[in-house]
Amino acid sequence: FTGGPSDRIPPDPKHWIVTAPKAGTSEPLTVDFSKPMDYALLQRMIDVPGVEGHFTVDRNETRWSFTPTAAWKAGTYKLVADNLLEDIAGNHLDRAFDVDLQQARPQQTTAPTATLPFTIR
């Protein structure tokens, strides 16, 4: 067993690429992550509130897609991710899995979720 370099960088939703589909379609909303995320947590810690549908995870856990049950209506929506969502190294959205005690501690977020607005046109 050989470990690689440490990963103490929490995933940052500001770096996620959210691609919104067109209104009147049932095309999926896609979110591309900057690094692989925990598959099991993606199943329950990311959502589009008020929209029924189902999701898929692919590209080695670097893309989450949400397909609505009914066609998208034009408007502004929110993608909400619980801050307990982790990357595959165990880093949460708001903090690293572990910290190097020899270095300054990064500032933590106090909000329980990260919200990314998107617009359907």
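Analyst: Here is a short chat about the chain, going from its overall layout to single residues. Please keep in mind that this is a predicted model.

User: Good to know. What secondary structure does the chain have?

Analyst: The chain has 1 helix and 7 strands. Starting at the N terminus, the elements follow the order β-β-α-β-β-β-β-β.

User: And what does the C-alpha trace span along its principal axes?

Analyst: The C-alpha trace spans about 55 × 35 × 20 Å.

User: How many residues are there, and what share is buried?

Analyst: There are 121 residues in the chain, and 35% of them are buried. As for contacts, among those between residues at least 6 apart in sequence, 68% join residues at least 24 apart.

User: Let's talk strands. Which ones form the open sheet?

Analyst: The open sheet is made of 4 strands, in the order β1-β2-β5-β4, with antiparallel pairing. At the edges are β1 (17–19) and β4 (53–58), each of which pairs on one side only. From one strand to the next, the twist averages 15°.

User: How many bridges join β1 to β2?

Analyst: The two antiparallel strands β1 and β2 are joined by 3 bridges. To see where residues face each other, look at V18, which stands opposite V31 in β2.

User: Switching topic: which residues touch the most other members of the largest nonpolar core?

Analyst: Those are W16, V48, W64, W72, L79 and L85, out of 24 residues in that core. Two or more core residues come from each of β2 (29–32), α1 (39–42), β5, β6 (75–82) and β7 (113–120). The largest share is from β7, with 4 residues.

User: Pick L79. Which residues is L79 in contact with, leaving aside its neighbours within four places in sequence?

Analyst: With those neighbours left out, the contacts of L79 include V18, L29, V31, I46, V48 and W64. Also on the list are D47, A114, T115, L116 and F118.

User: Now the charged side chains. How many salt bridges does the count come to?

Analyst: The count comes to 4 salt bridges. In general terms, side chains of opposite charge can pair when their charged atoms come close.

User: Which residue forms a salt bridge with D32?

Analyst: D32 pairs with R59, and their closest N and O atoms are 3.6 Å apart. D32 is in strand β2 while R59 is in the loop between β4 and β5, so this pair ties together parts that are 27 residues apart in sequence.

User: What about D87? Which residue does D87 form a salt bridge with?

Analyst: D87 forms one with K35, where the closest N and O atoms are 2.7 Å apart. This pair links distant parts of the chain, 52 residues apart: D87 sits in the loop between β6 and β7, and K35 in the loop between β2 and α1.

User: Are D87 and K35 buried or exposed?

Analyst: Both D87 and K35 are buried. They also belong to a network of salt bridges that links D7, K35 and D87.

User: I keep clicking on R63. Where is R63?

Analyst: R63 is in strand β5, which covers residues 63–68. The side chain of R63 meets that of D58 in a salt bridge, at 2.5 Å from N to O.

User: Why does R63 count as buried?

Analyst: R63 has 18% relative accessibility, and buried means under 20%, so R63 counts as buried.

User: What else is R63 in contact with, neighbours within four places in sequence aside?

Analyst: Besides D58, the contacts of R63 are T30, V31, D32, F33, T56 and V57.

User: Last one: where is R8 found?

Analyst: R8 is in the segment before β1, and with a relative accessible area of 33% it is partly exposed. The side chain of R8 makes a polar contact of 3.2 Å with the side chain of S6. The C-alpha atoms of R8 and H92 are separated by 9.9 Å, although these residues are 84 residues apart along the chain.

Conventions
Residues are numbered from 1 along each chain as its sequence is written. This is a predicted model: local features need pLDDT of at least 70, side-chain atom pairs count only at pLDDT 80 or more; totals for chains, interfaces and linings use all residues. Side-chain values use heavy atoms; hydrogens and water are left out. Buried means under 20% relative accessible area, exposed over 50%, partly exposed in between (1.4 Å probe, protein chains only). Contact means heavy atoms within 4.5 Å. A nonpolar core is a set of buried Ala, Val, Leu, Ile, Met, Phe, Trp, Tyr and Cys residues joined through side-chain atoms within 4.5 Å. Two strands pair if DSSP finds at least two bridges between them. Axes are lines fitted to C-alpha atoms, for helices over the stretch in contact, and angles run from 0 to 180 degrees between N-to-C directions. A polar contact is a pair of N or O atoms within 3.5 Å; within protein, one must be able to donate a hydrogen and the other to accept it, and residues adjacent in sequence count only if both atoms are side-chain atoms.
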